[in-house]
Amino acid sequence: MVLDNIERIEAPPKDVFYREYILPQRPVIITNLFESSSLSQMDTLEKVRTGITNIPVQVCPNYIANLLDATSADVPRMMNLGAYLDFLQAQPTSLDICVEYPTPQNLLELLPLNLYQDLSDESDLYSNMFVAGSNNYAHLHYDADQRNVLLFQVFGTKRFILIHPRETHKLDAIDQANLCRTSGFFLENMSEAQKTDFIRYTNAFDVVLRPGETIFMPMMIWHYIEYLEPAMSIAYRLGRNPYNRRLAQLFPAPSVDVQSLALLLMDETVAHSKHTGWLNKLENTSSSSNGSDRDRKAILNYLCLKIRGQYLGFEPIKSMRELTRRQTILEQVSAYS
Ligand SMILES: [Fe+2]
């Protein structure tokens with residue numbers, strides 16, 4: 001059923017990786033990036049359970065599931081990794097998950113980035129980890145921070161469905177504060193046949209990541225993830241260039257307009273020669289705004305919509321939600337001015 005349409009390669013030199021995958025924002029699976037690390041030896045649940053039990057992790061309910069059907073309070077709790085894996089064995093259908101938890105330093109030391117250490121601004125690099133049981137998932141969304149991601153699969157298998165931002169208009173992006181960056185499509189509730197149709201419609205990438213493999217997820221790409229069995233991953237979120245960093249700082253909850261603008265800044269040379277004008281303007285507008293936070297956001301949203309139209313053209317509106325979104329931006333800015 002899985003299309004398995006992401007290329008698998010051995011780790012290329014960093015300049016080749018930058019030129020052929022990062023710049024074109026092309027997902028890829030690197031089969032041997034961490035093969036000499038000691039963590040790559042911990043490739044089964046049992047090995048981790050007996051070998052690295054005393055790592056603290058934070059566990060919380062699956063965000064989307066909890067939002068739609070709140071049976072428990074969304075309160076994170078700290079526990080040891082070993083205790084959490086025991087919990088998953090005792091309650092295999094639990095949707096409690098360790099998600100985006102900052103990787104403890106002693107665990108990260110078992111997985112040095114070596115070859116790609118200086119591929120990006122190291123001071124801006126960040127690592128987080130993910131552990132969950134076999135029926136868990138990450139709802140279709142894109143991340144906020146504009147970092148390219150290398151995610152290493154420690155044990156267990158996970159299915160990744162990745163969708164390029166150029167397909168955003170097909171994804172019914174929700175535009176409200178607590179669901180920003182979230183698709184209105186619930187792949188977690190689709191049958192396999194429906195998923196296959198959706199994957200073809202959106203020209204998605206669809207793979208199963210196995211222990212020892214590392215997937216490159218370009219920044220701002222849509223991703224939906226399914227845990228096929230209990231699984232653990234550690235992600236390196238690579239340092240950004242100064243332009244993406246500045247844009248991300250302005251928009252901690254990036255709209256689909258910001259998602260498009262972020263891609264314009266990906267190549268530092270192009271960003272420097274073509275896009276400093278609007279980036280400066282956004283920053284100046286943000287810092288000189290003396291209205292409420294709501295007013296500031298309204299004018300920034302309006303500017304982003306305008307800049308996106310100027311550089312990328314306005315796509316025809318294809319959903320009611322997008323029509324409403326644009327109307328709201330225009331109404332809010334006219335109320336402000
Ligand atoms: Fe994510």
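**Overall fold, core and selected elements of the predicted model**

Buried residues account for 38% of the 337 residues in the chain; a residue is called buried when 20 or more other C-beta atoms lie within 10 Å of its own, exposed when there are 12 or fewer, and partly exposed in between, with C-beta atoms placed from the backbone. The model is a predicted one, so local features are described at pLDDT of at least 70 and side-chain atom pairs count only at pLDDT 80 or more, while totals for chains, interfaces and linings use all residues. Residues are numbered from 1 along each chain as its sequence is written.

The chain contains 12 helices and 15 strands, where helices (H or I, at least four residues) and strands (E, at least two) are DSSP runs numbered from the N terminus. Its radius of gyration is 20 Å, close to the 20 Å that the globule rule gives for 337 residues, so the chain is as compact as a globular protein of that length. Here the radius is taken over C-alpha atoms, and the rule is 2.2 Å times the number of residues to the power 0.38. The C-alpha trace spans about 60 × 45 × 40 Å along its principal axes. Among contacts between residues at least 6 apart in sequence, 82% join residues at least 24 apart; two residues are in contact if their C-beta atoms, placed from the backbone, lie within 7 Å.

The largest nonpolar core has 88 residues, and Cys98, Leu162 and Leu247 touch the most other members. Such a core is a set of buried Ala, Val, Leu, Ile, Met, Phe, Trp, Tyr and Cys residues joined through C-beta atoms within 7 Å. Strand β8 (residues 149-155) gives the largest share of this core, with 6 residues. Because domain 1 (8-237) and domain 2 (242-336) both contribute residues, the core lies between them; the domain bounds come from an automatic or database domain assignment.

Leu162 leads on to strand β9 (158-163). Not counting residues up to four places away in sequence, Leu162 touches Pro27, Ala204, Phe205, Met217, Ile221, Trp222 and His223. The bridge partner of Leu162 in β14 is His223, and β9 pairs with β14 (residues 222-227) in the antiparallel sense over 6 bridges. Two strands count as paired if DSSP finds at least two bridges between them. β9 also runs antiparallel to β12, to which 5 bridges join it, with Arg159 having Val208 as its bridge partner in β12. Of the 6 residues of β9, 5 are buried, so this strand is largely enclosed by the rest of the structure.

Helix α6 (residues 192-201) packs its buried residues against β9 (158-163) and β12 (205-209). Those buried residues are Lys195, Phe198 and Ile199. Viewed down the axis of α6, they fall within an arc of 100°, so they line one face of the helix; the arc is that of the directions from the helix axis to the C-beta atoms. The face turned away from this buried side carries the exposed residues Ala193, Gln194, Asp197, Arg200 and Tyr201. After α6 comes Asn203, which has a positive phi near 50°.

Elsewhere, 7 strands form an open sheet of mixed pairing, in the order β1-β2-β13-β8-β15-β6-β5. Its edge strands, β1 (8-9) and β5 (98-102), each pair on one side only. β1 is joined to β2 (residues 28-30) in the parallel sense over 2 bridges, and Arg8 has Ile29 as its bridge partner in β2.

Some backbone angles deserve a second look. Most residues other than glycine have a negative phi. Glu100, in strand β5, has a positive phi of about 55° although it is not a glycine. Glu100 is partly exposed, with 14 other C-beta atoms within 10 Å. Asn114 likewise has a positive phi, near 35°, and sits in the loop between α5 (105-108) and β6 (126-132). With 11 C-beta neighbours inside 10 Å, Asn114 counts as exposed.

Finally, Leu264 is located in helix α8 (residues 256-264). Leu264 counts as buried because it has 20 C-beta neighbours inside 10 Å. Leaving aside neighbours within four places in sequence, Leu264 is in contact with His275 and Tyr311. Leu264 and Asn244, which are 20 residues apart in sequence, are 9.1 Å apart in space, C-alpha to C-alpha.
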